[in-house]
Amino acid sequence: MKINGKRIVITGAASGIGKETLLLLKAYSGVKILATDLNIQDIEQSEVVSSYQCDVSNPDNLKKLIQKAEDVLGGIDIFYANAGFAYYEKIQDPSWDRIENIYNTNVFSPAYTVAYLNEKLKNPFLFIVTASAMSHLPLPGYALYAATKSAVHSFMESFRYELKPANKIMVIYPIATRTKFFTTAGKEVPVPFPSQSAQAVAKSIVRGINWNSKRVYPSFLFRLIQYLDRFLIFPLKVYQILEGIKLKRIIK
């Protein structure tokens, strides 16, 4: 897909992967972008970029966001559902509200949005969503987060077949990305190895748009380990065990 002239919505655009993707996309000719987040103070507005405060965990807010895009941009060609968060924890005191909270943002929001756009929009669109390498490799300490990203992966893989002609989905599978993501996940949260920068992920996303990719894996090393694990069986299991030891040392 050519990016020039596209009308783009980005959630979670104030920091991390969302912010870096915004910086790359706004450089394209003729684009108009609606950038949204819970806190929009760090989103720099311009003739190209408009900001809009929104909590995407609520369906009514998502409808308002889509209407705002219609009003400000004149429509939507690309919707990037990037907003999301994690817990890093050993679940000792189960909380229904805590589980519901992360599913509302990480799963229900993108699933509802792409289904809503598919039903309501008359023009073709590209829906991009940030999943995670943990969609394929759940790590100790991230049980709920990994579960949400696995759900996103499965939903999008299935919903592709329900899309109207010309509508597309692109799923991003970043490994640990060096952003404030880990500071919001909990205290003393270690960044898993390997890790990558938000800029590297953003470049992969833009490349994926240009190449009409269905799935984007920003880390070649992760893809290589996945491939080797099919034949050697043990690499990913050993990695999970090591992360489990790390979790026990930090959370007692």
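Reply: We'll take helix packing to begin with, then cavities, then a pocket. This is a predicted model, where local features need pLDDT of at least 70, side-chain atom pairs count only at pLDDT 80 or more, and totals for chains, interfaces and linings use all residues. Residues are numbered from 1 along each chain as its sequence is written, and side-chain values use heavy atoms, with hydrogens and water left out.

Me: At what angle do the axes of α3 and α4 cross?

Reply: Helices (H or I, at least four residues) and strands (E, at least two) are DSSP runs, numbered from the N terminus. An axis is a line fitted to C-alpha atoms, for helices over the stretch in contact, and angles run from 0 to 180 degrees between N-to-C directions. Here α3 (residues 96–120) and α4 (residues 143–159) have axes that come within 9 Å and cross at roughly 15°. That makes α3 roughly parallel to α4. Angles under 35 degrees count as roughly parallel, over 145 as roughly antiparallel, 65 to 115 as roughly perpendicular and the rest as oblique.

Me: Which residues of α3 and α4 meet?

Reply: Contact means heavy atoms within 4.5 Å. On the α3 side, the residues include I99, Y103, V107 and V114, and on the α4 side they include L144, T148, V152 and F159. The residues of this contact divide into 16 nonpolar, 3 polar and 1 charged. For the classes, Ala, Val, Leu, Ile, Met, Phe, Trp, Tyr, Cys and Pro count as nonpolar, Asp, Glu, Lys and Arg as charged, and the others, Gly among them, as polar.

Me: And how do α2 and α3 lie to each other?

Reply: The axes of α2 (residues 59–73) and α3 come within 11 Å and cross at roughly 45°. α2 and α3 are therefore oblique to each other. In this pair, P59, L62, K63 and I66 of α2 meet S109, Y112, T113, Y116 and L117 of α3. By class, that contact has 6 nonpolar, 2 polar and 1 charged residues.

Me: What lines the largest cavity?

Reply: Its lining includes T11, V56, F79, N82 and S109. The largest share, 4 residues, comes from α3. The lining has 6 nonpolar, 5 polar and no charged residues.

Me: Which element gives the most to the lining of the second largest cavity?

Reply: α3 does, with 3 residues. Among the lining residues are V129, T130 and K149.

Me: What about the second largest pocket?

Reply: About 240 Å³ of space lies in that pocket. Of its 16 lining residues, R160, N167, K168, I169 and K214 lie nearest its centre. β6 (168–172) supplies the largest share of the lining, 3 residues.

Conventions:
1 Å grid on protein atoms, 1.4 Å probe; cavity = no way out; pocket = protein on both sides within 12 Å on 5 of 7 lines; lining within 4 Å. Points joined across faces, edges and corners; volume = space filled by probe spheres on them.
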